[in-house]
Every structure is written in structure tokens, then in C-alpha cells.
Amino acid sequence: MSLWRHLDGAKVVDLAQPMRTGMPQSPNHPRFRMVIERRHGDMVREDGGSAANEVILTGGHVGTHVDALGHVSQDGYVYGRVEASGIQSHQGLSRYGIETFKPYVGRAVLLDVAAVHGVDVLPPGYEITPEDLEAARRRAGVELRRGDAVLIGSGWSREWDRPSRFTGEEGGVPGPGPDAARWLVGHGAAVVGGETIAFERIAPGRGHATLPVHRILLVEAGVNIVETMRLTELIGIGKPEFLLVLNPLPVVGATGAPVRPLAVLAA
């Protein structure tokens with residue numbers, strides 16, 4: 001009974017972007033498409049009942065999703081110095097697929113870097129630094145504990161309805177640089193998340209030419225990444241500490257999968 005009392009009056013905030021055909025996504029991944037395959041009336045049962053259903057085509061890194069540890073390699077190796085060529089086939093990854101991600105239900109901290117700079121949205125291509133993260137932590141008045149989920153607010157959720165800007169075609173995307181990634185690892189983050197399609201900074205005109213933050217987090221430190229989160233409502237509430245429920249689809253062998261993260265805020 002004591003557990004349920006803690007949830008009395010709690011507010012649940014959905015941190016996932018809605019998935020629809022034409023939504024902004026990384027050009028590196030297959031396009032999302034959903035179509036109604038069977039319409040009401042195509043088949044009618046003898047009692048007059050009917051049903052509609054759809055076909056969904058998607059990559060694992062579309063919409064709000066979690067990167068598996070096997071998603072990125074460096075010099076031929078994935079996390080734990082495992083040779084990438086030895087774990088992949090047309091059926092997926094035999095190690096470090098997204099099904100090996102243990103559902104996360106635990107403490108999360110939101111570091112609102114945009115607020116540190118007094119803006120709603122960080123500029124395109126802005127590199128978030130350790131100093132930014134530390135300033136956001138102090139502003140929130142929270143301590144980071146080993147094993148926390150750490151979410152970074154850049155305000156970029158507000159650009160969701162402007163696809164070319166959201167994906168960085170109009171000058172890049174804000175996000176952590178390598179030093180900020182090492183700061184997150186040093187503070188013991190178990191999983192990290194942000195509002196952009198690649199989590200890390202995308203420099204103007206560079207696209208996804210290099211992704212050093214992915215290397216540091218996934219390959220070197222074994223820290224999963226959540227991308228394309230919708231943090232606008234959570235930022236507006238102003239509670240930097242909450243319970244996060246994170247459980248991506250367990251697609252065996254996949255390098256990533258869609259997720260609908262939920263923030264549970266105490267009354």
C-alpha cells in the first residue's frame with residue numbers, strides 16, 4: 001500500500017514525439033510510413049462487424065527511440081571491444097541488440113541548458129559544454145547520482161513542426177560535445193536523452209559526418225542514448241527530478257527501437 005500512496009496525485013508526462021508519415025527524422029535511416037491496409041467495410045462479418053488495420057514501415061531510429069549498444073562501432077569494434085563483424089548478420093545483432101536493454105524505471109534528472117542561457121531554444125549548431133551542464137545542475141538544485149537517467153533540455157522540441165530546421169539542414173542542431181559526453185559519463189549516467197535526432201551537436205554544414213559523442217557513450221562507456229524526446233511540457237512544469245519509465249520495443253537483434261518514455265512527477 002505504501003508504494004501506491006506515493007503515486008497518489010502523480011502527474012504522468014509523455015516524452016515521445018507522435019509518429020506520423022512525413023515527420024522529421026535522420027536522413028541516415030529508412031523513412032517511416034504508416035498506411036491503412038484494410039479499411040472498414042473491406043471485409044464484413046456475418047454479424048455486421050468490420051475492422052481496419054495498418055502496415056507500419058520504419059527503421060529502429062525513427063521518432064523517439066533508444067540506441068542499442070550495438071548501434072555504433074569504432075575501428076571495427078562495439079562496446080566491450082567486441083568485433084562488430086562477428087555479431088552482425090541479415091537477422092540482426094547477436095550481441096548488444098535493443099532487446100538486451102533492461103527496462104529503466106528509476107530516478108531521472110532534467111538539465112535545462114536553454115534556461116541557463118535565458119532562451120527557449122538553443123541556437124542551431126550550439127555545442128553544450130560541461131560548464132553548461134554544471135550550471136543547469138546548480139540551477140535545478142539537484143545532485144546527480146550514479147545510475148541516474150540524465151535528460152538534456154535544449155528547447156529543440158519546439159522545432160518539431162519545422163522539419164528542415166529540426167534535422168539541421170538550416171544550420172545544424174544543438175547538443176552535447178565530446179567534453180560534455182565525458183562529463184555525463186563521469187557523473188555516472190546510466191542512460192542519457194535529448195530532444196534532437198542525434199542527441200549530440202550537429203555542426204552547421206557537416207551533417208552526420210562524425211558522431212564523437214555516440215562513440216564516447218555507446219562504444220567506450222556503454223551508456224544508451226534516447227533521441228528525439230519531446231521535453232517541452234516537462235520543461236514547462238519546472239520539476240527537474242522525477243521517475244522515468246523507459247522501455248523500448250524488444251526487437252531482437254535491432255540496433256535501436258521506438259520508445260514512449262513516461263515521466264512520473266510526484267504531486
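By how many residues are Asp179 and Arg182 separated in helix H5? They stand three residues apart in helix H5 (residues 178–186), which means that about one helical turn separates them; helices here are DSSP runs of H or I with at least four residues, strands are runs of E with at least two, and both are numbered from the N terminus. The structure is a predicted model, in which local features need pLDDT of at least 70 and side-chain atom pairs count only at pLDDT 80 or more, while totals for chains, interfaces and linings use all residues. Residues are numbered from 1 along each chain as its sequence is written, and side-chain values use heavy atoms, with hydrogens and water left out.

The side chains of Asp179 and Arg182 meet in a salt bridge, with 3.5 Å from N to O, where a salt bridge is a side-chain nitrogen of Lys or Arg within 4 Å of a carboxyl oxygen of Asp or Glu. Asp179 is partly exposed at 48% relative accessibility, and Arg182 is partly exposed at 44%; buried means under 20% relative accessible area, exposed means over 50%, and partly exposed lies in between, with a 1.4 Å probe and protein chains only. Elsewhere, salt bridges that share partners join Glu134, Arg137, Arg138 and Glu143 into one network.

Helix H3 (residues 130–140) packs with H5 at an angle of about 45°, and their axes are 8 Å apart; axes are lines fitted to C-alpha atoms, for helices over the stretch in contact, and angles run from 0 to 180 degrees between N-to-C directions. H3 is therefore oblique to H5, because angles under 35 degrees count as roughly parallel, over 145 as roughly antiparallel, 65 to 115 as roughly perpendicular and the rest as oblique. Pro130, Leu133 and Glu134 of H3 make the contact with Asp179, Ala180, Trp183 and Leu184 of H5, contact meaning heavy atoms within 4.5 Å.
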